[in-house]
Amino acid sequence: MSEFSYDDVPYPSYAFPQTSPDRLATMATLFGMQPAPPNRCRVLEIGCGDGTNLLSHAFLLPESEFVGIDLSSVQIADAKDSAKHLGLTNTRFEQINILDFDQDYFGKFDYIVTHGVFSWVPSEVRAKLLEIYIGALAEQGVGYISYNAFPGCHLRRIVWDLMRFHTMDEPEPGKKIVMGRKIVRLLTDSLPEENIYKKVMEHELESVLKRDPENILHDDLSKMNQPFYFNEFAELIESYGLQYLCEADPLFLGDGTLSPGESQLMEIVKNDFKRREVYRDFMELARFRSSLVCGPDAQFDKNAAVSSIPKLAVASPVKPLKSHPMLADETPESFEGSKGGAFELNHPLTKATLAFLRSVWPRSASFDEILRGSRSLLGSDGPMGLRDISRTQEFLYELFRNGFIRLHVHRFNFSASVSERPEASAFARWQVERGSRSVATMAGVNIDVELEVVREMICLSDGSRSVQQLADELYRRVAVPFSERDNFLKYSPKMIDDNLRKMAEWGLLVK
């Protein structure tokens, strides 16, 4: 646990899409569970801080109940004020010690989230956390637990130990952070070029410089910071009667692309899941895990993922490289993802599926809608047999676990186009007004908004202004050098229109 009070130095505000009821329900549904619908559920977040994460989900799911607990009275008061400001009546925040959690008082929950707590508390608090999960999680409930992981944290620990050692006699938090960053830079700069240790330290230094000061104080400089190998975590939760389901991050599903040597290693441990995961963490130098757990009576099937695809909605930004791809035959076509990366397909129904999903992006589509849309693209004689549909399900699962597409249980309501008087999400506007450069979208992702002009656009897009009025107000608010004012006035309507279209694609617009 951090030696510094969270009342004195509050933890930074973040929204974590991977903790949303929709994500947890999606992963559970993939493996044959029947979790509570995200729009009708009870959610508990343990260590909720100022409530930003819980509020981001409560804003999108007004019919569900969200309960947050935290030791910091300052942050709980902030969470309550924020809920009131946002007009949310489906949240409840309470300041309590985890050790004092009373299940009879709080009741059962469909989803329990503990993010950024498990590695940073004493063993007796970890034990209480697991007791809460086994006692308060509904039969088909899903729990989320994140923690620092070995072996990657062996490298991070070099920096943690260096910073703690160098700053051990400095009591003032701000100076401690500055000193910690400085010593990492000094050591890195002192190492010879082409030294392997220097390359490691350069990578760690980059991470330290990117992190928020409060994050460094409570995490990196904390005296309590316990990473785990996966098998240690799995054995610990099993000792309390919990089952490991999967990771919240789809990229952890399956083994990915393995070299011949890696494939040989994984084949040796194919029947020992825990060891297999540990070996994979060694291959990927894993530093952090976000594991999903469930109770002892939950039934799931790790082999059900492909057959479960029709139960889910699909959203895909993937687009073909050609403007007019050949969909109806087996001509290979190349597709690219929104974050880079490309792949080639020759399966007609899957090609048509991706083309249809791109046409409705950023909205999601049910599997039935996908088949109807694909049929319209392929024509009535297109390949739509059971074998083709099954193959498309396999492709969609592979694309999901490789980060190209998104799967959802719940379909969120937002505008995919720009209206005459655009209105951005009230939650995103609230985040920007609080100084956040990262905003949570209604499509279930976070977007980093670095440009001041775009942040101002989000705040001003409250449904009361036309595009021209947005331009006029931006001109008054944004500092523009005198020599560039004419160009700003000339090109701002197009710039605003372009950014509004991006906001729509991000899932930021209500109308």
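Predicted model: local features only at pLDDT ≥ 70, side-chain atom pairs only at ≥ 80, totals over all residues.

I began with a proline: Pro362 is in the loop between H14 and H15.

I then looked up another cis bond, from Phe150 to Pro151, with omega near 15°. Pro151 sits in the loop between S5 and H6.

Next came positive phi values. Glu194 is not a glycine, yet its phi is positive, near 65°. I found Glu194 in the loop between H7 and helix H8 (196-210). Buried or exposed, I wondered about Glu194? Glu194 has a relative accessible area of 65%, and the cut-off for exposed is over 50%, so Glu194 is exposed.

Leu285 also has a positive phi, about 55°, without being a glycine. Its place is the loop between helix H12 (273-284) and S7. With 37% relative accessibility, Leu285 counts as partly exposed.

**Helix H15**

What follows the cis proline loop? I checked H15 (residues 367-378) for length: its twelve residues should span 16 Å at 1.5 Å a residue, and the end C-alpha atoms are 16 Å apart, so the two agree. I noted Phe367, Ile370, Leu371, Gly373, Ser374 and Leu378 as buried in H15. These buried residues pack against strand S8 (313-315), helix H14 (348-360) and helix H16 (386-401).

**Helix H5**

H5 (residues 123-136) has 14 residues and reaches 20 Å from first C-alpha to last, close to the 20 Å expected at 1.5 Å a residue. How many of the 14 residues of H5 are buried? I get ten, so H5 is largely enclosed by the rest of the structure. The buried residues include Arg126 and Lys128, along with Val125, Leu129, Ile132 and Tyr133. Their packing partners in H5's surroundings are strands S1 (42-46), S4 (109-114), S5 (137-148) and S7 (288-294), plus helices H4 (103-106) and H10 (230-238).

**Helix pairs**

I looked at H6 (residues 152-166) against H7 (residues 173-190): they pack at about 120°, with axes 9 Å apart. That angle makes H6 oblique to H7. The crossing of H6 past H7 is right-handed. From H6, the contact uses Val159, Leu162, Met163 and His166; from H7, it uses Met179, Gly180, Arg181, Ile183, Val184 and Leu187. By class, I have seven nonpolar, two polar and one charged residue in the H6 and H7 contact. A reminder to myself on spacing: an α-helix has 3.6 residues a turn, so residues three or four places apart point the same way.

The other pair is H2 (residues 52-60) with H17 (residues 426-433), packed at about 155° with axes 10 Å apart. The cut-off for roughly antiparallel is over 145 degrees, so H2 is roughly antiparallel to H17. On the H2 side I listed Thr52, Leu55, Ser56 and Phe59, which meet Ala426, Phe427, Trp430 and Gln431 of H17. Which classes make up the contact of H2 with H17? I find five nonpolar and three polar residues there, with no charged ones.

Note on methods:
Residues numbered from 1 in each chain as written. Heavy atoms only, no water. Axes fitted to C-alpha atoms, helices over the stretch in contact; angles between N-to-C directions. Helix = DSSP H or I, 4+ residues; strand = E, 2+ residues; numbered from the N terminus. Parallel < 35°, antiparallel > 145°, perpendicular 65-115°, else oblique. Left-handed = near helix turned anticlockwise from the far one by under 90°. Contact = heavy atoms within 4.5 Å. Nonpolar A, V, L, I, M, F, W, Y, C, P; charged D, E, K, R; others polar. Expected span 1.5 Å × (residues − 1). Buried < 20%, exposed > 50% of the residue type's maximum accessible area, 1.4 Å probe, protein only.
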